[in-house]
Every structure is written in structure tokens, then in C-alpha cells.
Amino acid sequence: MYDVTAIGELLIDFAALSSDSAGYPTMKANPGGAPGNFLAALNAYGARTAFLGKVGGDAFGTLLVRTLADAGVETKGIVTDDTVFTTLAFVTFSPEGDRSFSFARKPGADTRLLFGELDLSLIDGARVFHFGTLSLTDEPVRTTTQKAAAYAREKGKMITFDPNLRPPLWKSREEAREQILWGLSRADVVKISDDEVEFLWGITDETEAAGKLLNEYGVRLAMITLGPKGAYLANRNGGARAVCPPVKPIDTTGAGDIFGGSAVARLLKTGKEPDCLTVEELAAIAAFASTAASLSTQVTGGIPSIPSEEAVLMHLCTGNA
């Protein structure tokens, strides 16, 4: 029934548009949360998806559910809780478009999700189960996510994982590292950034990092994003690189999630297991996902910035990627 079901956070990203003479920003509200961005990208590229999560009984929660539904994501697995507020993230930018985050999440609704509130039929009916680490920062959602991942594994689902490191949300770097490594050990497919690789192991070479994921953690497909330099994908058959098309980024919010969603969408279209992809297929997936992610940085926000499949293919066909 579904290609991918994800569990995790839905939140509002307040992105700085400008600032006054005292440095106070004027901000625009955008729908956010890595799993939501990931699923919306999957839907944009032909997949069917569903979401498991919790929002507050407030205007922002209502907006987020509607936005996901408008993107084609099944939302019946989203619980509304009137006792807590929907999580808010405040994003400011450097002149190069790099982001800094502040969060209103003490607690946020996404952290209060209980395993008993999950509609497990959304996992039963999916080919793939996806999670990230923002649903591992706090209880009770940490236990809920761990149980959901175990349930998905018992049901024979492919598991995809995105570390999506946000240091301000963790009590310590050691706790963040422990939970990310736990996620890696459960995943078939991992999308991880070069910054996260360096955080975990002090490794700056993507081929070395891919080898570590494949050989030490049992990952079947490693996807390492390299920012504006592109990406490196590897499985047991080898590795392939892709470069990004030249763009002038104004907001990199959600670019990694869009890379992940578009890459998994292309993987599913092959009909192959992730460790059976040829090097040529890895290269094609990397090129598509790198182009989709790069084009998204020219528009503010996560979900609103997802480029159409036609736009991505046009860039690839005209040699602009």
C-alpha cells in the first residue's frame, strides 16, 4: 500500500529573511521536520508514503498535517495532543547560506509520541521504514522509535536512516554519538553527511567512511552527502560520485532530506535490493538526488522547495548537473 512509512518530528521552521539595525530577524514560517521533508520528496518523485508522529493541538499542528496531506503523504498516523505545543525551530543564515538552529522543544509535541499511539498498519503496509535521530533525543519518543524500528525489522521491512545531527537538541555529544551509532546498526540504507561522518569518527575521506558503514555496521547502501561538492554512494559492488549543478543557494534547509527522499525514490524505481545496484545505477541515483537537493536551495523552506521531477531531469538531460 505504501512505499515508505516514516516516524519522527513535524515542526515549523522559522527562517530569517532579514534583520533590523539591532540584529532582530524578520522570519518566515515554513513546514519542516526531516522525516516530513523526506516523505514529501518521495511523493514528488512518484512514491506513496505515510507518516507516524505527533503535533500539538494548535494552529501550527493543523497547518503541518494539512501541508503533508497536500504533498500526498498519508496523515492518519499523526496524533494531535492538546497538552503540548508543536515544536518550533528558528533558523538563521550566514552570508553563504549555512544554517544555525535554535529550538522551542521543552517539550515539543513530537517528543511525546507513545508506542501505543502508533498505527502499526502503516508499517505493515509499507516496503520501507524510515527514521532519524531527532526522535531519539528524548523520552518517550526514543523508546517508541526503537520499538517501531524493531517491529519493522521483524516484519521484514527495509530500514532507512538519517542521522540528521542537531547538537543543540542533545544533552551531550556522547549521547548523540551513541544514538546515531545505534541507528546505523539497524539500517539497510543510510544517508549521512560529511560533517556527521567527521563527528562520529574523525574521518574526512568519504570512501573510508562508506567502507566503515558497509563493513562494520552492515549497511547495504551508504549515501554520503558532501554539501556543494555532491555525493558519494557505495555498496558491495563499488562506489560512484556525483557533482551538484551550479546554483546560488539562498536556503539549504531540507536539502539533505530532499537528497535522501529523491535517492530512495530512485532506488525503489529500480526494483532492486540496495546491495544489488550496479555502479552505473549508483551513479544515476547520486546524480538525480544531488541535482534535486541543489535546486531546492534556490527556494526557502524544505517542502516548498522540492523541485519537480521534470525540472531535475531537464537539468540532467541538458548537462547542467
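**View 1. Antiparallel pairing of strands β11 and β12 in the predicted model.** Four bridges join strand β11, residues 221–225, to strand β12, residues 231–235, and the two strands run in the antiparallel sense. Within this pair, M223 has L233 of β12 opposite to it. Helix α7, formed by residues 206–216, packs on the sheet and touches β10, β11, β12 and β13. The direction of α7 makes about 150° with that of β11.

**View 2. The open sheet of nine strands.** Pairing in this sheet is mixed, and the strand order reads β5-β4-β1-β8-β9-β10-β11-β12-β13. The edges are formed by β5 (78–81) and β13 (238–242), each of which pairs on one side only. From one strand to the next, the twist averages 15°.

**View 3. Helix α6 across strands β9, β10 and β11.** Residues 194–201 make up helix α6, which lies across β9 (158–162), β10 (189–193) and β11. Relative to β10, helix α6 runs at about 90°.

**View 4. The crossing of helices α4 and α5.** The axes of α4 (residues 141–154) and α5 (residues 173–186) come within 11 Å and cross at roughly 15°. Because angles under 35 degrees count as roughly parallel, α4 and α5 are therefore described as roughly parallel to each other. The crossing in which α4 passes α5 is left-handed. Helix α4 contributes R142, Q146, A149 and R153 to the contact, and helix α5 contributes E175, Q179, W182 and R186. By class, the residues of this contact of α4 with α5 comprise two nonpolar, two polar and four charged.

Notes:
Residues are numbered from 1 along each chain as its sequence is written. This is a predicted model: local features need pLDDT of at least 70, side-chain atom pairs count only at pLDDT 80 or more; totals for chains, interfaces and linings use all residues. Side-chain values use heavy atoms; hydrogens and water are left out. Two strands pair if DSSP finds at least two bridges between them. Axes are lines fitted to C-alpha atoms, for helices over the stretch in contact, and angles run from 0 to 180 degrees between N-to-C directions. Contact means heavy atoms within 4.5 Å. Angles under 35 degrees count as roughly parallel, over 145 as roughly antiparallel, 65 to 115 as roughly perpendicular and the rest as oblique. A crossing is left-handed if the near helix is turned anticlockwise from the far one by less than a right angle, and right-handed if clockwise. Ala, Val, Leu, Ile, Met, Phe, Trp, Tyr, Cys and Pro count as nonpolar, Asp, Glu, Lys and Arg as charged, and the others, Gly among them, as polar.
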